[in-house]
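Please look over the sequence and the model below.

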Amino acid sequence: IRLGHRPQPYVYSDDEITRILDAAHRHPSIGRYALKPYTLYCLFGLLSVTGMRLAEALNLKPEDIDWQQGILTIGRAKFQKSRLIPLHKSTLSQLRAYKKRRDRFFAQQPWRRPVNRIFVSSYGGPLTDNQVGNNFRTLTRRIGIRKAGASHGPRIHDLRHRFAISTLLRWY
C-alpha cells in the first residue's frame, strides 16, 4: 500500500451479510458447548446493524447495554467521545441470547473466569482485533467474497460503510 493511500471501501450486499453470518454460525469449533461460532455470529451481526467500530464492540461490557431501553453506550470512542446507539428489538434479543449462552458456557467450566466483556474467547480472555480479523478473512474466503490468498479485499471496517450507506438510503 502506498503511503497516504486509502483502501477502497467495499459495500456488502444484504445477501453477503447473510452469508457471512451463516458462515460464522457454522464456523468450526471444538467442544460440545463451543462458543466461537456464536461469538462471531453475534459480533459480526452487531457490527453490521450498528456501524460500531470493531474496537468499540470488543471493549463492550455488559453494563454498557441498557437492556430495558435497548440502548448501547459507547464510552471511549474515537477522539475520547461517547455516544448512544439505539438497538432494534431483534438485535437486543440476539445479544441477550448470546450473553445467556456465553454465561452458560462459562458456568459449565468454572475454572475459566471470563473478563468483563460481552465478547470473549472460549478461554474467557478478551478477543483481539487480530483474532477477529483472521476469522473474518477466513470466513469471507470460504464464502467467496475474498479471493483465496488475497492480501487485500473486503474488511470488517467495511461493515461500517455498509451501515452508513444503508442508513442514508433508508432516510432518502
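## Helix α5 and its neighbours

The buried residues of α5 pack against α1 (14–25), α2 (36–50), α3 (54–58) and α6 (158–171). Helices (H or I, at least four residues) and strands (E, at least two) are DSSP runs, numbered from the N terminus. Buried means under 20% relative accessible area, exposed over 50%, and partly exposed in between (1.4 Å probe, protein chains only). Contact means heavy atoms within 4.5 Å.

This is a predicted model: local features need pLDDT of at least 70, side-chain atom pairs count only at pLDDT 80 or more, and totals for chains, interfaces and linings use all residues. Residues are numbered from 1 along each chain as its sequence is written, and side-chain values use heavy atoms, with hydrogens and water left out.

## The shape of α5

Helix α5 takes in residues 129–142, which makes 14 residues. At 1.5 Å a residue they should span 20 Å, and the end C-alpha atoms are 20 Å apart, which agrees. The expected span is 1.5 Å times one less than the number of residues.

Which residues of α5 are buried? They are Val 132, Gly 133, Asn 135, Phe 136, Leu 139 and Thr 140. These residues cover an arc of only 165° around the axis, which puts them on the same side of α5. The arc is that of the directions from the helix axis to the C-beta atoms. Just after α5, Gly 144 takes a positive phi of about 90°.

## Helix α6

Helix α6 also gets a length check. It has 14 residues and reaches 20 Å from its first C-alpha to its last. That is close to the 20 Å expected at 1.5 Å a residue. In α6, the residues Asp 158, Leu 159, Arg 162 and Thr 167 are buried. Their cover includes α1, α2 and α5.

## The nonpolar core

A nonpolar core is a set of buried Ala, Val, Leu, Ile, Met, Phe, Trp, Tyr and Cys residues joined through side-chain atoms within 4.5 Å. The largest one here has 40 residues. Those with the most contacts inside it are Leu 43, Phe 44, Leu 47, Leu 72, Leu 95 and Phe 119. Two or more core residues come from each of α1, α2, α3, β2 (71–74), α4 (89–107) and α5. The largest share, six residues, comes from α2.

What does Leu 43 touch, leaving aside its neighbours within four places in sequence? Leu 43 is in contact with Leu 54, Ala 57, Leu 58, Phe 119 and Val 132. Ala 57 sits in helix α3. At 0% relative accessibility, Ala 57 counts as buried. Beyond its neighbours within four places in sequence, Ala 57 is in contact with Leu 43, Leu 47, Met 52 and Phe 119.

## Aromatic rings

A pair of aromatic rings is described by the distance of the centres and the angle of the planes. Rings of Phe, Tyr and Trp (its six-membered ring) pair if their centres lie within 6.5 Å; planes under 30 degrees apart count as stacked, over 60 as edge-to-face and the rest as tilted. The structure holds five aromatic pairs. One of them joins Tyr 12 and Phe 136, edge-to-face, at 6.3 Å centre to centre and 90° between the planes. Tyr 12 lies in the segment before α1 and Phe 136 in helix α5, so the pair ties together parts that are 124 residues apart in sequence. Both Tyr 12 and Phe 136 are buried.

Phe 44 and Phe 136 have ring centres 5.2 Å apart and planes at 75°, so this pair is edge-to-face. Phe 44 lies in helix α2 and Phe 136 in helix α5, so the pair ties together parts that are 92 residues apart in sequence. At 1% relative accessibility, Phe 44 counts as buried. Ring pairs link Tyr 10, Tyr 12, Phe 44 and Phe 136 into a cluster.

## A loop residue

Ile 145 lies in the loop between α5 and α6. At 12% relative accessibility, Ile 145 counts as buried. The C-alpha atoms of Ile 145 and Glu 16 are separated by 7.7 Å, though these residues are 129 residues apart along the chain. Leaving aside its neighbours within four places in sequence, Ile 145 has contacts that include Tyr 10, Tyr 12 and Glu 16.
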